[in-house]
Amino acid sequence: MGIVSAIGLTVEENFRSLVELKPGISRIENLDTVHKDVIRVGEIKKTNKELAKYLNLEEGNNYTRTAMLGVMAARQAVEHAGITGTGKWKTGLVSATSVGGMDTTEQYFTSYLENEAIRRYILSHDPGDSTHKIADALGIHGFITTISTACSSAANAIMLGARMIASGELDRVVVGGTDALAKFTINGFKTLMILSDTENTPFDRDRKGLNLGEAAAYLVLESEEVIKAENRKVLAYLSGFGNANDAYHQTASSENGEGATLAMEKALRVAGLRPDAISYINVHGTATGNNDLSEGRALINIFGDRVPPFSSTKPYTGHTLAAAGAIEAVYSVLSLQHGMIWPNLNFRNPMPEFDLVPETSLQKKEVRHVLSNSFGFGGNCSTLLFTAADDLH
Amino acid sequence: MIYINGSGCISAQKTFDGSFPEEIIAPEGYILPVVAPPYKEYISPAMIRRMGAGVKNGVVASAIALKEAGSPELDAIITGTGVGCIKDSENFLMAILENQEAFLTPTAFIQSTHNTVGAQIALGLGCKAYNFSYVNGAISFESALADARLQLLNGEARTILVGGVDEKADFTYRLFALAGLIKTGENSPGASYSEGASFFVLETGKKEQSYAQLKDVQVMNRLEPEATGHGLLQFLQRTGTPVEAIDAVVIGKNDDTQFQDYYPALLSEFSAGIPVVHYKHLSGEYNTASAFGFGLAAGILKKQQLPEAVLLSGETRPGYRNILLYNQYRGLDHSFILLSGC
Amino acid sequence: MDKQEIKEKIIAALNLEDVTAADINDDDALFGDGLGLDSIDALELIVMLDKDYGIKLSDPKEGRNIFRSVNTMAAYIAEHRTK
């Protein structure tokens with residue numbers, strides 16, 4: 001696994017922040033926006049110059065911030081997995097992004113006509129560009145593609161990767177997502193009036209909306225055959241997944257959480273597990289009025305009055321859009337590996353609509369199966385189910 | 001077995017009502033205008049007012065395909081798009097830059113997310129099934145096909161709506177021209193561009209109206225010009241179809257002065273005289289134009305006739321059993337597709 | 001407060017191509033059953049209030065009462081406009 005987020009530039013750093021209850025929400029510094037004093041974000045405190053230097057990029061490159069974050073995290077994942085060459089295994093890459101190169105396009109858009117030197121960035125606007133850059137940086141060729149389904153993107157990328165391995169199309173696949181902060185998304189969410197001017201408080205009665213964040217995270221999925229042949233240490237299993245559509249409204253989730261319910265049901269079914277097998281749920285929990293209500297209803301639909309311990313980690317990192325499904329996958333795996341359940345920071349009062357209270361302190365207990373939810377615009381609902389590595393299920 | 005049971009296409013040709021290829025519209029200029037269908041017959045005014053061209057074209061193309069297939073219940077909707085809803089994206093961005101982030105309205109932002117076409121189609125149909133959007137340049141449509149194929153062969157699904165859609169946006173296309181992607185003069189770099197939407201209903205069951213079978217699809221981020229023949233043979237090997245059984249080759253050749261050296265190696269693997277089909281001179285280039293080619297090939301297999309207007313070289317044949325499609329864009333995002341008659 | 005002006009602004013802001021000012025009665029419900037507008041339209045109208053009349057709403061829920069009909073909009077704008 002590899003990850004860069006507002007709470008750390010490595011898996012180890014992220015883990016320590018989670019354990020030490022250290023969120024990464026702050027005022028925005030790398031971007032100039034008129035909203036800088038009223039919003040809070042999960043920003044990675046590295047400028048584009050610093051990222052480019054770290055990655056050793058040549059002069060005249062056309063890497064966007066999204067691409068740079070992606071390469072950083074993907075490289076970590078591949079090194080961490082001990083992969084030195086793609087060799088005899090059919091290796092692919094499925095990446096996710098919603099911002100794509102917009103972080104750069106918005107800076108240069110009005111200057112392109114006069115300034116020839118920056119025109120190379122025109123080619124890095126589309127989402128596929130960051131994926132191509134990651135593929136080249138990792139030396140992967142063959143099946144490379146990009147998924148963009150708003151906030152469920154990375155979860156869907158992980159899902160596709162799993163299915164490519166299950167069907168034998170690929171032996172190994174790097175999956176995940178990346179999104180950088182941009183004025184485009186900051187202003188976009190502002191127009192929907194779902195940006196909070198304080199720290200985000202998921203599942204809280206007085207929640208005011210989300211904090212945007214930026215991040216990138218990738219995981220290496222491998223087939224049984226590769227694990228055995230290469231004698232790999234498995235971190236966790238992806239044992240279930242499901243995607244469904246709310247088909248209710250372009251941006252709002254249905255009040256009864258139908259899409260979310262269907263997605264969780266599918267994940268449980270694929271894993272062959274009953275709801276009571278779930279040890280922990282990393283909810284989407286963006287702290288918007290709409291999501292938390294809809295997701296809460298969906299949790300009750302599936303678990304009745306026995307909803308397992310759950311929390312949103314977005315108070316730590318912000319809502320990282322297309323990368324959310326991937327960073328939360330990493331946190332789910334860490335939860336399984338270390339037997340820990342992350343707290344839902346900033347929580348004060350439960351929502352009046354139901355009896356759901358997230359975990360508010362770090363829990364140490366046996367974690368066998370983790371459900372991770374990611375729900376996006378367009379009613380796109382995705383759920384991933386991770387299982388502990390030593391689980392003989 | 002995967003059957004193409006419905007097809008709908010909005011393009012620079014009169015494809016939406018089946019007039020193409022009998023009726024051919026000669027392309028004029030370097031950005032070919034789309035032949036618009038009667039949108040209001042398909043979409044209510046309440047919904048149409050928010051939709052960009054790509055969404056409208058996608059909704060209509062999918063409606064046509066679904067109707068042809070007998071309006072089956074869908075197990076999945078999978079869309080491919082290269083630049084997404086670029087017009088709304090452009091509008092929102094320009095509003096941000098011109099108004100210094102003030103007086104911004106949500107509609108353009110909401111409509112600009114790349115999965116809007118798939119989402120709007122699902123919303124219109126009330127379809128709660130699996131819904132993915134692939135956005136990876138010239139293999140966006142093929143990625144959607146690969147995903148659909150996986151599900152249909154695994155028994156995860158019986159009926160899937162798959163499509164490719166892209167739209168143009170004035171300022172962005174100006175930038176593309178500056179970057180050498182869109183032609184500006186006879187000898188300039190870049191290709192003649194356009195926009196469009198092509199949607200197909202893929203099912204595990206054969207129907208009276210079936211066009212063809214989708215046998216296999218493969219995508220590759222990079223392939224050297226000299227290696228396209230080798231890539232083709234590897235692809236055919238995995239499909240179990242010998243080169244001799246291919247009766248026509250459809251290539252995504254555009255009128256760019258560059259990036260033409262990928263085709264010779266590939267074509268040299270076939271016997272001389274095999275019909276080579278091209279279509280971008282009629283559809284224009286855009287990331288999902290290969291979906292137009294896909295529809296064209298499916299039509300050839302159904303009617304067992306190859307229109308002269310798309311024959312680039314070779315001779316037409318009395319019958320067509322298998323068609324191979326190959327596409328690439330500026331040396332990236334290569335794809336092979338094998339279609340067979342049914 | 002000129003209600004004709006408000007109707008024209010609503011039509012323009014929400015891209016209601018097939019509707020004319022004459023089609024909208026002063027007292028018609030704009031949301032739900034009447035003109036059939038939804039929550040996104042409400043956000044668009046909030047921006048219109050700001051841009052054209054200098055009225056800033058911080059809570060989208062305030063819009064529910066203000067945008068009930070052209071009459072309620074006219075009254076609110078007359079009272080709060082700064083432009």
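**Exercise 1. A proline in a loop**

Pro21(B) lies in the loop between strand E1 (3-10) and helix H1 (45-48) of chain B. Work out which form, cis or trans, the peptide bond from Phe20(B) to Pro21(B) takes.

*Solution.* Keep in mind that this is a predicted model. Start with the general rule: most peptide bonds are trans. Now check omega for the step from Phe20(B) to Pro21(B): the angle is near 5°, and the bond is cis.

**Exercise 2. Two residues with positive phi**

Met193(A) has a phi near 55°, and Asn15(C) has one of about 55°. Find where each residue sits, and decide whether each is buried, partly exposed or exposed.

*Solution.* First, the background: most residues other than glycine have a negative phi.

Met193(A) is in the loop between H7 and strand E7 (212-213) of chain A. Asn15(C) belongs to the loop that links helix H1 (3-13) and helix H2 (39-53) of chain C.

Last, count neighbours. Met193(A) has 20 other C-beta atoms within 10 Å, and the cut-off for buried is 20 or more, so Met193(A) is buried. Asn15(C) has 15 C-beta neighbours inside 10 Å, which makes it partly exposed.

**Exercise 3. Helix H6 of chain A**

Compare the span of H6(A) with the expected one, then say how many of its residues are buried.

*Solution.* Take the length first. H6(A) has 14 residues and spans 20 Å from first C-alpha to last, close to the 20 Å expected at 1.5 Å a residue.

Then look at burial. Of the 14 residues, 12 are buried, so H6(A) is largely enclosed by the rest of the structure. Among the buried ones are Ile158(A), Met159(A), Leu160(A), Met164(A) and Ile165(A).

Finally, step past the end: just after H6(A) comes Gly168(A), with a positive phi of about 85°.

**Exercise 4. Two interfaces**

Describe what chain A and chain C each bring to their contact with chain B.

*Solution.* Begin with A and B. Chain A gives 51 residues and chain B gives 47. Elements of chain A with two or more residues on this side include helix H5 (127-138), helix H6 (153-166) and strand E9 (236-245). By class, the chain A side holds 18 nonpolar, 26 polar and 7 charged residues.

Now C and B. Here 12 residues of chain C touch 9 residues of chain B. The chain C side splits into 5 nonpolar, 2 polar and 5 charged residues.

**Exercise 5. The build of chain C**

Decide how the radius of gyration of chain C fits a compact globule of 83 residues.

*Solution.* List the elements first: chain C has 4 helices and 0 strands. A compact globule with 83 residues would have a radius of gyration near 12 Å, and chain C agrees, at 12 Å. Its C-alpha atoms fill a box of roughly 30 × 25 × 20 Å along the principal axes. As for burial, 28% of the 83 residues are buried.

How values were computed. Residues numbered from 1 in each chain as written. Chains lettered and ligands numbered in written order. Predicted model: local features only at pLDDT ≥ 70, side-chain atom pairs only at ≥ 80, totals over all residues. Contact = placed C-beta atoms within 7 Å. Nonpolar A, V, L, I, M, F, W, Y, C, P; charged D, E, K, R; others polar. Rg over C-alpha atoms; globule rule 2.2 N^0.38 Å. Expected span 1.5 Å × (residues − 1).
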